[in-house]
Amino acid sequence: MGNSEKNAEIKSLQSQINPHFLYNTLGIIDSISSLHGDDRVSLISRSLAKMFRYNISGNDVSKLDAEFQQIRLYLSIQKIRFDSRLDYTIYLEPGLEQVPIPKLLFQPLVENSVNHGISHSIDGGIVRIEAISLSQDELQVKIWNNGLVIDEERQQWLRALLQLEDAPAGLEHQQASIGLHNVQSRIRMLYGSECGITFSSDEQYGTTFSITIKTYLPDQEA
């Protein structure tokens, strides 16, 4: 596959990122503004505006600290939605701030943690995102939550899905699964098959998605 074809496919995968967060957020704004006249409306609006500006500005490559700021804005909005049922922490290892990263690479996995781990749990829970270096050339982003775990049958299906080069027919009806497969596809096309997603999920340790990528974009190193 040539560079132009690869770039076109990556752009196609990017365009499939779940748009439901936008509609859910607009619904939150509408509900709050109808019932209350408080600062949450302006906070959500400002955060959403910053997210939109980031998404449409510049090219498709950003820096890891800017990408983490997008995740922080997303979680701040969801914190208003879930209130005491959601807490979150974000850690970016010093020295990784300027690592080049494709825009919105991790966003679908963070959304899945909230929409499936936290929202389906009666007690809610915590979402933790951290980026740590593995070596001079590799880093890992971990997205953890202690909400509802993934059952064993679903885990087996997801592991098989992550090994597939092409998404199976009918997957477009499963937003969480297609988001996961799209991230895996983007990582493999950008960084090679040695990088990608792994995960674990159990009652004792919660659910962790680990994304291994390089500290540089291979095409930019050529």
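User: How many residues has α4, and what distance does α4 reach from its first C-alpha to its last?

Analyst: Please bear in mind that this model is predicted. An α-helix has 3.6 residues a turn, so residues three or four places apart point the same way. In this model, α4 has 19 residues and reaches 26 Å from its first C-alpha to its last, close to the 27 Å expected at 1.5 Å a residue. The helix is followed by Asp 83, whose phi is positive, near 55 degrees.

User: Which residues touch the most other members of the largest nonpolar core?

Analyst: That core holds 51 residues, and Phe 68 and Phe 106 touch the most other members. Helix α4, residues 64-82, gives the most to this core, with 9 residues. Around Phe 106, and not counting residues up to four places away in sequence, the residues touched include Leu 64, Phe 68 and Ile 71, as well as Val 141, Ile 211 and Ile 213.

User: What is the order of the strands in the open sheet?

Analyst: The open sheet has 5 strands in the order β2-β4-β5-β7-β6, with mixed pairing. Strands β2 (86-92) and β6 (196-202) stand at the edges with a single partner strand each, so one side of each is left without a neighbour in the sheet. From one strand to the next, the twist averages 10 degrees.

User: How many bridges join β4 and β5, and in which sense do they pair?

Analyst: Strand β4, residues 125-133, pairs with β5 in the antiparallel sense over 7 bridges. The two strands form a hairpin with 4 residues between them, and Val 127 stands opposite Asn 145 in β5. Strand β5 (residues 138-145) is mostly covered, since 6 of its 8 residues are buried.

User: Where does the pairing lead on the β7 side, and which residue stands opposite Val 141?

Analyst: Strands β5 and β7 pair in the antiparallel sense over 8 bridges, and Val 141 stands opposite Ile 211 in β7. Strand β7 (residues 206-214) also runs antiparallel to β6, to which 7 bridges join it. There, Ile 211 is the bridge partner of Ile 197. Both Val 141 and Ile 211 are among the residues that Phe 106 touches.

User: How many salt bridges does the count come to?

Analyst: Side chains of opposite charge can pair when their charged atoms come close. Here the count comes to 2 salt bridges. In one of them, the side chains of Asp 87 and Lys 79 meet at 3.1 Å, N to O. Asp 87 is partly exposed, with a relative accessible area of 41%, and Lys 79 is partly exposed at 27%.

User: What is the N to O distance between Glu 194 and Lys 214, and is Lys 214 buried or exposed?

Analyst: The side chains of Glu 194 and Lys 214 meet in a salt bridge at 2.9 Å, N to O. Glu 194 lies in the loop between α7 (175-191) and β6, and Lys 214 in strand β7, so the pair ties together parts that are 20 residues apart in sequence. Lys 214 is buried, with a relative accessible area of 11%.

User: Which residues is Leu 43 in contact with, leaving aside its neighbours within four places in sequence?

Analyst: Leu 43, which lies in helix α3 (residues 39-56), is in contact with Ser 76 and Ile 80 on that basis. Leu 43 is partly exposed, with a relative accessible area of 33%. The C-alpha atoms of Leu 43 and Ile 29 are separated by 9.8 Å, and these residues are 14 residues apart along the chain.

Terms used. Residues numbered from 1 in each chain as written. Predicted model: local features only at pLDDT ≥ 70, side-chain atom pairs only at ≥ 80, totals over all residues. Heavy atoms only, no water. Core = buried A, V, L, I, M, F, W, Y, C linked by side-chain atoms within 4.5 Å. Buried < 20%, exposed > 50% of the residue type's maximum accessible area, 1.4 Å probe, protein only. Contact = heavy atoms within 4.5 Å. Pairing = 2+ DSSP bridges. Axes fitted to C-alpha atoms, helices over the stretch in contact; angles between N-to-C directions. Expected span 1.5 Å × (residues − 1). Salt bridge = Lys/Arg side-chain N within 4 Å of Asp/Glu carboxyl O.
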